Amino acid sequence: MLDFKVFSNQPEMLEKFSKYAKIYGVIFLILGLVGIFFPGLMSITTAIFFGWLLLFSGFMVGVQTWQINRKDWIGWLKFLLFTVTGAMIIINPLPGVIALGIIFAAYFFVDAFANVALAFRLRPEPYWWVALLNGVLSLALGIFFFMAIGNPLQTLWLVGILVGISLFFDGIMLLSLSSAAKQKKENQ
């Protein structure tokens, strides 16, 4: 993320960060609102996107295995696992949403740790508390996902709405950091 001390002698870097953090912050806010108001759509879209990532990764593993060692059965097994799993999620995304619920529980726990660490790194700077709030929110989201494991309909709803909430608050954090970077640049 951003360490203002690193950029203190580089106003052009502060300006770039401020500009792009604002752009991405607005995009994250919009995506977050879509997830909050249309959680089923966000859940299915997230699962399909994940399926395409797996499919693409599988093809890349296959290409690499073909180029490096065509007799590498573990490489071919990985290729098969990624491509078949990705294709299955794209064709029938609901089981993919349930699996994503488990994955997102782990993700939000890690995201909470990263945001709290970022908050304490930024602590003397303005808006450091937004990163801390984002970390606490990610911890709560991780707990919600962990508790929903085993209920497919609840997981479908949770994936969309909680990913939406997370994206929304990530957008707020980026906009806040953009504002702080802009203030830092103007005070130089």
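Student: Which residues have the most contacts inside the largest nonpolar core?

Tutor: This is a predicted model. Its largest nonpolar core has 19 residues. Those with the most contacts inside this core are Phe 104, Phe 145, Val 159, Leu 162 and Val 163.

Student: Which helix gives the most to this core?

Tutor: Helices α3 (39–68), α5 (93–122), α6 (128–148) and α7 (152–186) each supply at least two of the core residues. The greatest share, seven residues, comes from α7.

Student: Which residues is Phe 145 in contact with, leaving aside its neighbours within four places in sequence?

Tutor: Phe 145 is among the residues with the most contacts inside the largest core. Ring pairs also link Phe 145 into a cluster with Phe 104, Tyr 107 and Phe 108. With neighbours within four places in sequence left out, the contacts of Phe 145 are Gly 101, Phe 104, Ala 105, Phe 108, Leu 158, Val 159 and Leu 162.

Student: Which residues does the second, separate core include?

Tutor: This other core is made up of twelve residues. Included in it are Leu 14, Ala 119, Leu 174 and Ala 181.

Student: How many aromatic pairs does the structure hold, and are Tyr 20 and Tyr 24 stacked or edge-to-face?

Tutor: The structure holds ten aromatic pairs. For Tyr 20 and Tyr 24, the ring centres are 6.4 Å apart and the planes are at 25°. Planes under 30 degrees apart count as stacked, so the Tyr 20 and Tyr 24 pair is stacked.

Student: Where do Tyr 20 and Tyr 24 lie?

Tutor: Tyr 20 is partly exposed at 40% relative accessible area, and Tyr 24 is partly exposed at 44%. They are four residues apart, about one turn of the helix. Both belong to helix α2 (residues 11–37).

Student: Are the rings of Trp 76 and Phe 79 stacked or edge-to-face?

Tutor: Trp 76 and Phe 79 are three residues apart in helix α4, about one helical turn. Their ring centres are 5.7 Å apart, with the planes at 90°. An angle over 60 degrees counts as edge-to-face, so the pair of Trp 76 and Phe 79 is edge-to-face.

Student: Is Thr 83 buried or exposed?

Tutor: Thr 83 is found in helix α4 (residues 73–91), and its side chain reaches the backbone oxygen of Leu 80 at 3.3 Å. Leaving aside neighbours within four places in sequence, Thr 83 is in contact with Leu 54, Leu 55, Gly 58 and Phe 59. The relative accessible area of Thr 83 is 10%. Because buried means under 20%, Thr 83 is buried.

Definitions and conventions:
Residues are numbered from 1 along each chain as its sequence is written. This is a predicted model: local features need pLDDT of at least 70, side-chain atom pairs count only at pLDDT 80 or more; totals for chains, interfaces and linings use all residues. Side-chain values use heavy atoms; hydrogens and water are left out. Buried means under 20% relative accessible area, exposed over 50%, partly exposed in between (1.4 Å probe, protein chains only). A polar contact is a pair of N or O atoms within 3.5 Å; within protein, one must be able to donate a hydrogen and the other to accept it, and residues adjacent in sequence count only if both atoms are side-chain atoms. Contact means heavy atoms within 4.5 Å. Rings of Phe, Tyr and Trp (its six-membered ring) pair if their centres lie within 6.5 Å; planes under 30 degrees apart count as stacked, over 60 as edge-to-face and the rest as tilted. A nonpolar core is a set of buried Ala, Val, Leu, Ile, Met, Phe, Trp, Tyr and Cys residues joined through side-chain atoms within 4.5 Å.
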